[in-house]
Each structure stands twice: as C-alpha cells, then as structure tokens.
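Dear colleague,

I am handing over the structure below, and after it you will find my notes on what turned up in it. Please read them with the model open beside you.

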Amino acid sequence: IPLAISQNGKVHTFRVEVARTEAEQEKGLMFRTSMGPDEGMIFPSEPAQRSFWMKNTVIPLAIVFIGPDHRISNIAAKAVPSSLDPINSAGPVIGVLELNGGRTAERGFTPGALVTW
C-alpha cells in the first residue's frame, strides 16, 4: 500500500507491505536479503507500547514508531542485523514502520513527522 511521511512541507511516498496477522507480524522482514529504497513494512496495532528485535533479520533497518496522532514518536535509525536487543517505542504507538537502515536520515525524517497510510 502507499504510505506517506510529511515533514517541513515535504512529502515522501513509500510502497509498504502490511503485516496484518500475528504470523505476518512475527516474521516481519526476517530472512529478506534486500529491499528497495522506497519499500518497507508497516505493523499496525491498537495503541500500545511496542518492542521489536532484529532476530533473523539480515538487512539493517530503520524502525519508526508511530504514535496515536500519526506522528513519528521515535526512530531506531540503524537497527543492527540479527541483534536480539529490544528496540522500544517511546510510548503507545498505533504502528511500527520498517525501512532500510539510514533511510530516515537520508530523507530528514525526525520525531513529529506525519505518517499516513
């Protein structure tokens, strides 16, 4: 589906997969070896504190936590492949977006940016 991030009058559009089911959310981007620069995966949820890890994920990712107001609450810009360390949201979120590592910095996204999907 299309997903847009808006900040400082600029909008960037991504094409993302939706991890809808529990099984899809558990697998996420595990075992993928590449992803296009404007591709990603969104994990929608009811508002809750979320925690992710990089188990079996071989590409570096940016993990973007999206608050109930649809704004970025926090970003783990370069999550380490295969790490079992938890990466936590800064509060309740309604979605978590995984993009290629470093992509948020390249586009200048920071907390407060608006995310729509």
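F31 counts as exposed at 55% relative accessibility, where buried means under 20% relative accessible area, exposed over 50% and partly exposed in between, computed with a 1.4 Å probe on protein chains only. This residue lies in the loop between α1 and β3, and its phi is near 70 degrees, a positive value in a residue other than glycine. Helices (H or I, at least four residues) and strands (E, at least two) are DSSP runs, numbered from the N terminus. H70, which is found in the loop between β5 and β6, also has a phi near 70 degrees, again a positive value in a residue other than glycine, and at 29% relative accessibility H70 counts as partly exposed.

Please keep in mind that this is a predicted model, in which local features need pLDDT of at least 70 and side-chain atom pairs count only at pLDDT 80 or more, while totals for chains, interfaces and linings use all residues. Residues are numbered from 1 along each chain as its sequence is written, and side-chain values use heavy atoms, with hydrogens and water left out.

Next comes the sheet. Seven strands form an open sheet with mixed pairing, in the order β6-β5-β8-β3-β2-β1-β9, where two strands pair if DSSP finds at least two bridges between them. Because β6 (72–79) and β9 (114–116) stand at the edges, each with a single partner strand, one side of each is left without a neighbour in the sheet. From one strand to the next the twist averages 30 degrees; here axes are lines fitted to C-alpha atoms, for helices over the stretch in contact, and angles run from 0 to 180 degrees between N-to-C directions. Strand β1 (residues 2–7) pairs with β9 in the antiparallel sense over three bridges, and the bridge partner of I5 in β9 is V115.

Which strand is largely enclosed by the rest of the structure? Strand β8 (residues 93–100) is, because eight of its eight residues are buried. Strand β3 (residues 39–48) runs antiparallel to β8 and is joined to β8 by five bridges, with P44 standing opposite G95 in β8. Strand β5 (residues 61–66) also pairs with β8 in the antiparallel sense, over six bridges, and F65 has V96 in β8 as its bridge partner.

The structure holds three aromatic pairs, a term for rings of Phe, Tyr and Trp (its six-membered ring) whose centres lie within 6.5 Å, with planes under 30 degrees apart counted as stacked, over 60 as edge-to-face and the rest as tilted. One of them joins F43 and F52 edge-to-face, at 5.0 Å centre to centre and with 85 degrees between the planes. F43 counts as buried at 1% relative accessibility, and F52 is buried too, with a relative accessible area of 10%.

F52 leads on to the largest pocket. Of the 16 residues that line the largest pocket, the closest to its centre are Q25, E26, F52, W53 and E98. On a 1 Å grid over the protein atoms alone, a pocket is an open set of points where a 1.4 Å probe fits, with protein on both sides within 12 Å along at least five of seven lines, and lining residues have an atom within 4 Å of a point. The largest share of this lining, three residues, comes from α1.

With kind regards
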